[in-house]
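Here is a short briefing on one protein chain. It covers salt bridges, the overall fold and a surface patch.

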Amino acid sequence: MESASVAVHGRHSAGEAPMVEAVGLSRDFRTGESVVHALRSIDLAVGRGELLAVRGRSGSGKTTLLNLLGGLDQPTTGRVVVDGREISAMAEDQLVGIRRQTVAFVFQAFGLVPFLTAAENVEVPLRLVHADPQARDARVADLLELVGLGERARHRPHELSGGEQQRVALARALANRPSLLLADEPTGQLDSDTGHVIMTLLRTIVRTEGITAIVATHDVMMLDVADRIVELSDGQFIAPAAQASPATGSPA
């Protein structure tokens, strides 16, 4: 494995700022007298419209990385820039705005409100930003159609399969038209066939909605749909073998 200074760059073209950039990113956790180095001074750049898979075993730092990129946690050292704004330097009230408008999350646990219908769950983020009711209803309907659940809009979570619940969670994440989607083990509770449907849907969403997506997973099915795959081990990126850059054809 290479040193912690390995830089992992995306496919953004010359002169175009990446959608996400992490520089010298570290996160330490103190447990009693010892310190756990969850991330170790890593660099990462993700291009706009890119679907990036972050692979690694449990405990490798995947979730910590997503939490830092989405402003759910603050780095011990380093900085995070999302869509040209340094979120690692923001106060909590600013981060709330980022999480409502710019960054969306999908988790392994679907996190749906059990007494709300599928449509009402998707509607929640739109209500938080006081979206116009007519526009809100149209957006909810469009998103449920996008994830293939237009006819299940009135069903509550207990009436939906695991795959359907995750599709509702994806629709909800997209409600406010985020620029960045962060998904943490989105197929972790699904069987392999359903997981493949969700991964393919993620690919469709990136293209249809024009967003950037970063998916933390140990699921080998991401190999089929991701634009790029990076691997974490003990809080460090494992350097990939030299490969051709999509933009230039030269070694990356």
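Arg-127 is partly exposed, with 47% relative accessible area. Salt bridges with shared partners link Arg-127 with Glu-123, Arg-136 and Asp-137 in one network. The model is predicted.

**The helix H3 pair**
- Glu-123 and Arg-127 form a salt bridge, 2.7 Å from N to O.
- Both sit in helix H3 (residues 118-128), four residues apart, so about one helical turn separates them.
- Glu-123 counts as buried, at 13% relative accessibility.

**Other salt bridges**
- The count of salt bridges is 11.
- Arg-48 pairs with Asp-83 at 3.0 Å, N to O.
- Arg-48 lies in the loop between strands E3 (34-46) and E4 (51-55), and Asp-83 in the loop between strands E5 (77-82) and E6 (85-86), so the pair ties together parts 35 residues apart in sequence.
- Arg-48 is partly exposed at 38%, and Asp-83 is partly exposed at 28%.
- Glu-92 and Arg-99 meet at 2.5 Å, N to O.
- Glu-92 is partly exposed at 47%, and Arg-99 is partly exposed at 22%.

**Whole chain**
- The chain has seven helices and 11 strands.
- Of its 252 residues, 48% are buried.
- Among contacts between residues at least 6 apart in sequence, 72% join residues at least 24 apart.
- Accessible surface totals about 12100 Å², with 49% belonging to carbon and sulfur atoms.

**Nonpolar patch**
- Val-220, Leu-223 and Ile-229 make up a nonpolar surface patch, with about 240 Å² of accessible area together.
- Ile-229 belongs to strand E10 (residues 228-233).
- Ile-229 is partly exposed, at 31% relative accessibility.

How values were computed: Residues numbered from 1 in each chain as written. Predicted model: local features only at pLDDT ≥ 70, side-chain atom pairs only at ≥ 80, totals over all residues. Heavy atoms only, no water. Patch = residues over 30% accessible without salt bridge, like charges linked within 9 Å, V, L, I, M, F, W, Y side chains within 5 Å. Areas by Shrake-Rupley, 256 points an atom, 1.4 Å probe, with all protein chains shown as cover. Salt bridge = Lys/Arg side-chain N within 4 Å of Asp/Glu carboxyl O. Helix = DSSP H or I, 4+ residues; strand = E, 2+ residues; numbered from the N terminus. Buried < 20%, exposed > 50% of the residue type's maximum accessible area, 1.4 Å probe, protein only. Contact = heavy atoms within 4.5 Å.
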